[in-house]
Amino acid sequence: MVDRASLKSTFSSSVNLRADELERVSRDILDHPESGYREIRTSKLVAEWLQNNGFEVKTGIAKTGVIGTLDTGRPGPHIAVMGELDSLLVPGHAHADSDTGAAHACGHHAQIGSMLAVAAGLTESSVIDGLVGKISFMGTPAEEYIELEYRESLQSSGDIEFFGGKQEFIKLGFFNDVDIAMLTHTGGETAGTFGIGGSNNGMVGKTIQYIGKAAHAGGSPHLGVNALNAAHLGLAAIHAQRETFRDADTVRVHPIITKGGAAVNSVPSDVRIETYVRASNVPAILNTSEKVDRAFRAGALATGAMVRIITNPGYLPAKYDESLTEIYRHNAASLIGDDNVIRLNHSSGCTDMGDVSQIMPTIQPTANATSGNGHGIDYLVENYDLAVVKAGKAMGMTVIDLLADGGEKGRKISGSFNAPMTISEYLNRMRGFRSDFTYSE
Amino acid sequence: MIPSDLAEFRAFALRSIDTATRYLISTAKTAYSTPETGFNEYKTAMFVQTQLQALGFVVETGIARTGMKAVLRGAKPGPTIAIIAELDALRVPEHPGADPETGAAHACGHHAQIGSLLGVATALSAPELKNALSGNVAFIITPAEEFIDIQDRLGLKNAGELEFLSGKQEMIRLGTFDDVDMAMMVHTSAINGSSGLSIGGTSNAHVSHQVRYIGRSSHAGGAPDQGINALQAAMLANAAINAQRETFRESDVVRVHGIITGGGSSVNAVPGEVLYEGRVRAKSVEAINPIAERVIRCYRAGALAMGASVEVQTVAGYHSLRQNPLMQKLFIGNAELILGRDSINVVPYDQTHGGSTDMGDLSTIMPVIHPYANSASGIGHGHDYLIEDYDRAVVAPAKVMTATVLELLGDNAQLSRKVIENHEPAMTKQQYVSFQRDRFTKDTYDPT
């Protein structure tokens, strides 16, 4: 049996040979950004790459998702290495699509590069022969929880049930036989480091519609019911709740108005809001969600308007597996040194990796390779060697640790994981978040 | 010479008032120096009682706590006209005439009404004028025109001392006006142009809300998540009320204004109880109702938003003022006769400055007039509202009211009978009393 060190060394060398190509692929995606459930080109690019490299590929999963699987033919753990296909919408970003405003202001394009780096290195036959089990490379759609109305339309047409791509993957059964999952996100911590550990908030998403009564805003405002005032009061009422949010819960409620009235000389009668309710734990999400609903209802009560509140399941809080993190840390340190692997704090942002982390051992390290503000117009990947090549190597070496030696470490991590919920419990939980009610006095 | 016709009676009366000028102004100034808030005007009432008794009147006292009535009977029977003066002061602690302890101050000029009422009483109580009158003059001194200190007054109501919360409302209920056919008084106002008097216009009706938010107190630093902030509820309600304003029609002359009377007990505790006093005014009680409904909805929205509960007590306020055209015409005629052609400014019958008076309530059951004596500087109810011209504030109103009474009750009281015949009251006294009773409500809204 070949030892793990030489497997890793062979793996690394073959990744090195593909480094330029992997950066090119990432930059190609950067220049052709597509937002969630619209990643047609990106999906095709990933599928073709995987096919050209000998993978058995499934496409069109949850509209645009792609899976390429590498099966050793020997029983053992099944590991998912993931990359997110979607971009944000940040018009004004240097690499934004001029038509759609889509832009990779969250660095997902580099995730595809690092995922394919793992794939490139592991296909080397002298590496794969030393491993057991299976590795699936998953290009997942729609990690950014945006364009809620579009996703609601996909929901009504039956194309999706959940707004997050990994959630759909879980629902469709693609995680049923997966034991361990990983993905490297880009990050803006100290440049040149990998971040490990950490945790993320969970969330629910809401779309709110206030229905008032239109009237001439100058001539007969007394005949109108101002839906914008209702919304304004609803928002003010949310702010009045903030002092009740506990620090430990890291609550975030941050609405936007997506429709604020039709014409300035008409009393607004249809006003729409989107918001998230985020917190570090599910009870806090539910408790805050109730307060937010109460506040929105108060806006309707005050003005005599009607309000419809649709709550959609968002993402679950992410908690990353410590044993898996430790293996990853060792590999990351071997690439860039102990001091350059840093512990992450809790992040109040959310990810559908959180959902995955509730059902299996999961890690989402960060490759701190960017400049600018995450989700901002100036967020750019500066260090592709770290974000794509080294990130891929650290994950691939971790896969080797898990699947070498008959997959002993992988089995151990999978076996000792105390899952907060099973997949069917997960689906029930998520469906339970959903509500749709209308309130008027 | 014993006067024998209206001109002679009038001339006699005016001379008595001229002679008494210094005395009348001094009575107003005495009242100014003892400002007392409504239903607490014991010193002021005692002072007025003494003055009336000195003029030979039998004074009925202690009506609605501090109110009084003294009736002058003419030689022949006929209608009864009330001359009214209001006893109470406001609370304006920064006013130069304020009582340092209570903050009470005559920032609305009611003290001048004491002087003008005593002027009419001085003139008409002369034996020479008895024959001029076919009917009676009732001098009615009313407590508590300012609709303030509502919680204190509700305390008096609960103790059975009052049922309605203003002096004239309560005196109507108690029957003080049962034998009165019409009423007049002159209120002071800021100097505005050359006319010493003005007449006409209306006033707003109003309603008072006593609002109590019940939340849950907790340590504001240590456990704000355990609290339910009643102050946030009240502030959201206030914001919600402001959001209604675009729906108020100018023609309804809506005014909605509130104060927080209990905003929390200590800053390091989440306020568990907040008290808010709101007022809704509009051109009529009918116009108030839909507005008040919206305002109450806003109070409830504040509670709903925070998960608090809210208790809303509605307190019957005033009706809008409706002035009798014939009485007004006579008052104008006498003002022009006595003070000159440009001495009185007439404003349209539907004009209002947004304020309210319980003369409005009296006007629902009988003909009244409520002219103004333009005699003050500063802003009404402000710290700088001061009577600058006591001749205008006290003497001129006394003269014109006296002359108007002489005209109404002279000549076999033909004109006052005409006033009564042509007047259709909006309500009977009984209707008024039960209407007001129905306006008192108390509801609790608990959204949880």
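**Core.** I looked up the largest nonpolar core, and it has 256 residues. A nonpolar core here is a set of buried Ala, Val, Leu, Ile, Met, Phe, Trp, Tyr and Cys residues joined through C-beta atoms within 7 Å. Buried is for 20 or more other C-beta atoms within 10 Å of a residue's own, exposed for 12 or fewer, and partly exposed for anything in between, with C-beta atoms placed from the backbone. A:Val81, B:Ile83, B:Ala233 and B:Ala301 have the most contacts inside this core. Helix 8 of chain B (residues 285-306) gives the core its largest share, 14 residues. My helices are DSSP runs (H or I, at least four residues), numbered from the N terminus. Another core, of eight residues, lies apart from the largest one and includes A:Val90 and A:Tyr379.

**A note on the source.** This is a predicted model, where local features need pLDDT of at least 70 and side-chain atom pairs count only at pLDDT 80 or more, while totals for chains, interfaces and linings use all residues. Residues are numbered from 1 along each chain as its sequence is written, and chains are lettered from A and ligands numbered from 1 in the order in which they are written.

**B:Ala233.** What does B:Ala233 touch, not counting residues up to four places away in sequence? I found B:Tyr213, B:Val274, B:Gly302 and B:Met306 among them. Contact means C-beta atoms, placed from the backbone, within 7 Å.

**Chain to chain.** I saw 21 residues of chain B in contact with 21 residues of chain A. Helix 7 (230-244) and helix 8 of chain B are the elements giving two or more residues to chain B's side. Helix 8 gives the most, with seven residues.

**Helix pair.** I checked helix 1 (residues 6-19) and helix 4 (residues 110-124) of chain B, which pack at about 125° with their axes 8 Å apart. Axes are lines fitted to C-alpha atoms over the stretch in contact, and angles run from 0 to 180 degrees between N-to-C directions. Helix 1 of chain B is therefore oblique to helix 4 of chain B. Oblique is what remains after under 35 degrees (roughly parallel), over 145 (roughly antiparallel) and 65 to 115 (roughly perpendicular). B:Ala13, B:Ser16 and B:Ile17 make the contact from helix 1 of chain B.

**Positive phi.** A:Asp405 is not a glycine, yet its phi is positive, about 50°. A:Asp405 sits in the loop between helix 12 (384-403) and helix 13 (408-416) of chain A. A:Asp405 counts as partly exposed because it has 16 C-beta neighbours inside 10 Å.

Conventions:
Contact = placed C-beta atoms within 7 Å.
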